[in-house]
Structure formats: C-alpha cells, structure tokens
Amino acid sequence: MNTDTTTDITFDIQKIRADFPILETKVHNNKTLVYLDNAATSQKPKSVLDALQSYYTTQNANIHRGAHFMASKSTQDYENTRLTVKNFLNAKHTEEIIFTRGVTEAINLVAQTWGRQNLQKGDEILLSTMEHHSNIVPWQLIAEEKGAVIKVIPINDNGEILLDEYEKLLSPKTKLLTICHVSNALGTINPLEKMIPLAKKFGTTIFVDGAQASVHLTIDVQKLDADFYAFSGHKVYAPTGIGILYGKMDILEKMPPYHGGGEMIKDVSFEKSTYNVVPHKFEAGTPNIADAIALKNALDYLQNFDKNALHAHEQALLQYATQEMQKIEGLKIIGQAKEKISVISFVVEGVHHSDIGTLLDMEGVAIRTGHHCTQPLHKRLGLDGSARISFALYNTLEEIDIFINALKKAIKMLL
Ligand code: PMP
C-alpha cells in the first residue's frame, strides 16, 4: 500500500473525473460520454497529457550518449520510469524492466528469444482456454518452428481454471506455463499463487500476461515467482505504444537479443558484433521516449490512491452492474468467477451483440462487442461473440444507470 501523504483516502469521484478531460466529451447529439470500454484502453489523466506536452515542448532529445542538457534530462526521466516500474512490480533489479510497445511485443520478444533458445521438439507449452490471441499466436509461431506442442488448461462454465485438470497436464515436458493474470473477456482473476508453485516443481518457466491485472491488482513479481510478467501502459492510464516486460535477471542475461540495431550493441564490426547488457540488449533503436516518461506519471497517478478504496470502488461498480443486468430478461453474463475484476461480458437471447453496441453508442455509451481477441474462449462457451462493459476508477453508479436504461431501450428495439 502507498504511504504517500497525498494518498486520496476519501476517493472523491467528482475530483477524480475532473482529472480526465475526455470524460467531458459530448458524442452523438450532445450525449455525455459514458466510457465503459476500459479493458480495451483506459482514458488518460491530465498529468499524463501534460507530461507529453511538456516533453515535446521543452526537452525532446534522443536518449543515452547525448552530450547536451536535454539529452541528459530525457535519459534521466526515461530511466526514472524504469525505476518506478521496478517498484510498481516489486522487481528485485531495475535492469529487469524492459520497455516494449505493450504486452503483445513482450510476448513476441520472449517467444522469439527465450522460446527459440529453449524449446525443443516434443516440449510442451501450457496455456489456458481464456488466453488473449496475443498469448496464443506468438507461441504457435515458435512451437511450429521448434516442433513444440501447445496444451490447453480447461475452464468451468463460470470461467474459472479447473485446477485438477491443470495439475494433470503438468509434467517434466512442460517447458512453459503462459497465462493471463486476469482474463480480458471474463474478468476472472486466475489463482496464480496456487498454479505457479505446482508448475515450478517441474522446472517450468512462467510467463504472466498482466495486461488486465496491472490496473486493478497489486502486483508482486517476486512473491508470485513469475519468470516473466508483462503489462501495457495504455491500460494503466498511460499512452499507447509503451509497455513493460519484466524478466528475472539470470534468465534475461542468458537470452539472445530480439531486434538488432543501435543501442543493443557493445561493439560492432563486419565480422561479429557483441551485445549490450540487460536491459539495453532488448531495446534496439530509438525507443518511445515520451510515452515511457509519461508512463511514470500514470503509475504515480494510480499509486496515489489508497489501494483498498480503489478496489472497493471498482468492486461496488461490478456488483451493482451485475445485479442490475441480472434483472434483464434473456441476458446472460459470461464469466461468473468468484474472483473477478470489474469486467462484464454478456449476451442477450435473440439479439446480436454488435447491434447492442451500435444502439448503446447512439446513447453515448461506449462498450465493446465481438470476440475480444478470445476466439477459442468464445468457442468453448458456444458463442461467436459477446458485448462487454469494463470499469475504471472514474466510472460511477450513475453511469451504470445510464447504461442499464440504454441497454433496456436497445433490447426493446431489437426484439
Ligand atoms: N492480453 C490481454 C489479457 C489483453 O487484454 C490484451 C489487450 N486487450 C493483450 C494481452 C494485448 O495487449 P496489447 O494490445 O496492449 O499489446
């Protein structure tokens, strides 16, 4: 928990909303925006927007090795974010934090470096039914190349991992367990504290996709004993195009580089090049400096709240919306796990999810429809898609009322 003296104990929702200028936006016929698509990307507070403006108006410069004031200042700020992320994840070393474009790039990086180096014919990659496509396809690419096999952990109808089935799938062949901390479609919080020790008994390497967890849960990579952990800035109130890969130092040091180019080298000759130390070995070329710097502002913003108050607010939104949605005839909530974050996917009998999305949009309510990049999960549930609402810290109970009324109106029109 944050002990900062500026911690907002009272959780003043109107004050919070004022931090996000976009929430004042009017859409379609002057309707006030009700933004319920936070699992796709969150909105950005003023401190993040100001950081971007300030960076480009006062200090834009390429980082590392610059011989001038602005280059040093930008390098310092960029590296300061790395330190902030280290603390955010409770990593042991700052060097264990690698900047990427997001979770997708982090997974591809590990698949193409660690995967290429360590996977052999017949090795097994274990992942769950609820994985996002970005935690499936990169592994399929490397598995195909190496002759490795992908095994899938089944779930129950509530959208929870079947732990007994999971245990049965583990064996000395399990080289990698790659799993989402939280499901983007179901909201399920996976029991990693139970799952990881079981896999570790077989020497399995663990990759955790933290895309949906990092904004809702307190992450402690040391306590989890994850070998890799990734999250995307844009889901934690930071800009798009910046993300994080955490990896344990001893593993990162053994991994070959991913992209070749400037910054990732120690020495280059036409005969042979040698590589820079971790993390720079994995950060070829000019990085996304401005967005990396603004990521610090976003994490500072998030960490300024009392964790318990934040959690209680998001859970209250989840419970109220769930309760009101369950009153709607023909509506089925997809994902009823006991441990859930504030994401609700649903279908309505006789109504196509995309039509619901279109009609809600006309009322100013922004939701997401489709397969949410989880086609195998939807197939398991016998669906081709669903509608999804997802909450952030700035959402209110009043917004849920607007959503429920708009949803009822839409269903009436469509049936
Ligand atoms: N995993 C999960 C669970 C996600 O929700 C997302 C984003 N929707 C990703 C991975 C991919 O993240 P990004 O698109 O930011 O790389």
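**Domains and ligand**

Q: How is the protein chain divided?
A: The protein chain splits into domain 1 (13-44 + 307-414) and domain 2 (50-303). Keep in mind that this is a predicted model.

Q: How far apart are the C-alpha centres of domain 1 and domain 2?
A: Their C-alpha centres are 28 Å apart.

Q: And how many residues does the contact take from domain 1 and from domain 2?
A: Domain 1 gives 39 residues to the contact, and domain 2 gives 32 residues.

Q: New topic: the ligand. Which pocket does the ligand take?
A: The ligand takes up the space of the second largest pocket.

Q: Which residues surround the ligand?
A: Gly102, Val103, Thr104, His132, Ser134, Asn184, Asp209, Ala211, Gln212, Ser232, His234 and Lys235.

Q: How does that shell divide into nonpolar, polar and charged?
A: Two residues of the shell are nonpolar, eight are polar and two are charged.

Q: Which side chain has an N or O atom 2.5 Å from a ligand nitrogen?
A: That is Asp209. The side chain of Lys235 also has an N or O atom 2.8 Å from a ligand nitrogen.

Q: What about Gln212?
A: Gln212 has a polar side-chain atom 2.7 Å from a ligand oxygen.

Q: How much of the ligand does the protein bury?
A: The protein buries 85% of the 400 Å² that the ligand exposes when taken alone.

Technical notes. Residues are numbered from 1 along each chain as its sequence is written. This is a predicted model: local features need pLDDT of at least 70, side-chain atom pairs count only at pLDDT 80 or more; totals for chains, interfaces and linings use all residues. Side-chain values use heavy atoms; hydrogens and water are left out. A residue is near a molecule or strand if one of its heavy atoms lies within 4 Å of it. A polar contact is a pair of N or O atoms within 3.5 Å; within protein, one must be able to donate a hydrogen and the other to accept it, and residues adjacent in sequence count only if both atoms are side-chain atoms. Accessible areas come from the Shrake-Rupley method with a 1.4 Å probe; for residues, only the protein chains shown count as cover. On a 1 Å grid over the protein atoms alone, a cavity is a set of points where a 1.4 Å probe fits but cannot get out, and a pocket is an open set with protein on both sides within 12 Å along at least five of seven lines; lining residues have an atom within 4 Å of a point. A molecule sits in a cavity or pocket if more than half of its atoms lie within 2 Å of its grid points. Ala, Val, Leu, Ile, Met, Phe, Trp, Tyr, Cys and Pro count as nonpolar, Asp, Glu, Lys and Arg as charged, and the others, Gly among them, as polar. Domain bounds come from an automatic or database domain assignment. Contact means heavy atoms within 4.5 Å.
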